[in-house]
Amino acid sequence: MTVTSSRKPLSAGSAPNPDRLADMAVHALVGEAELTPKPGLVDRRGQGAHTDMDVSLMLRSAYRLRPGFGHMAALATRHRHPCLELREELAAAGRRAEQDMLAATGGVNTHRGAVWTLGLLVAAAAMLPAGSGAAAVSGTAGRIARFPDRACPPEALSGHGAVVRARYGAHGARGQAAAGFPHVVRVALPALAAARARGAGEDRAQLDALMALMASLEDTCLLHRGGPAGLRRVQLGASRVIAAGGCATAAGTALLNCLDTELARGRLSPGGSADLLAAALFLDLLET
């Protein structure tokens, strides 16, 4: 198969600086990790539903990924538009970033999903003019994601996500990316904006965005740990928080705490929602 290169030099200032984009990606990961309280997820209080990671490990992982994100953004600046060549360059860079992450965490998978999600988004942002909105960036990321990765190792297609896709038909992170991250653009970012407009503090607004994701996302991490019944329990619990007025209200906070207890007891972790929240925080930074 012959691949036509679409490389081009970009004029200074025509797109966000790759180093700045990498900083923003790390900032989004740090913000997601430190946001508290997050049901079932690692936060400043503790491990949530996990036994092998805490917030200090999450932060170490996030900072270790900065060079990888910068490299992926720099690769994208050499292309006019999404193409197979860029997709495979990003895949190779992402695999190297994953190895750096695992070296920093002693083999614990802290951010594999975020490497995929934020890697695509930093690359898309690097290809577009400064000031491009969330919809344009996520749409461009989707166009990149829809190209195949011919060098993808077999083991990458046989993990928990692949098992869940085969068993339940869930599209997972790959489906979200190929569709241009609809839950980020149409669910998380509007929820974040609406909570801010109501006067919620920033932490509570971000928690509302997380609840909106948990209420609607077919989270493959939850399906892996709890099956369809576990997923429905989490979706219902998050929907109740939203219906009570969100995390800034007393009723919403009480329901959030109940959901937190339920997820910790059931060892249910909405990891897919956490990755998309980090993506939303990244795109929010781009827009502001």
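I count Lys and Arg as positive and Asp and Glu as negative, leaving out His and the chain ends. I place each charge at NZ of Lys, CZ of Arg, CG of Asp or CD of Glu.

**Entry 1: ground rules.** This is a predicted model, where local features need pLDDT of at least 70 and side-chain atom pairs count only at pLDDT 80 or more, while totals for chains, interfaces and linings use all residues. Residues are numbered from 1 along each chain as its sequence is written, and side-chain values use heavy atoms, without hydrogens and water.

**Entry 2: charges.** I looked up the 31 positive and 24 negative charges, and their mean positions lie 4 Å apart.

**Entry 3: fold.** I found 13 helices and zero strands (DSSP runs of H or I with at least four residues, and of E with at least two, numbered from the N terminus). The radius of gyration, taken over C-alpha atoms, is 18 Å, close to the 19 Å of the globule rule (2.2 Å times the number of residues to the power 0.38) for 288 residues, so the protein is as compact as a globular protein of that length.

**Entry 4: one residue.** Which residues does Leu118 contact, leaving aside neighbours within four places in sequence? I found Ala25, Leu29, Phe69, Ala278, Ala279 and Phe282, with contact meaning heavy atoms within 4.5 Å.
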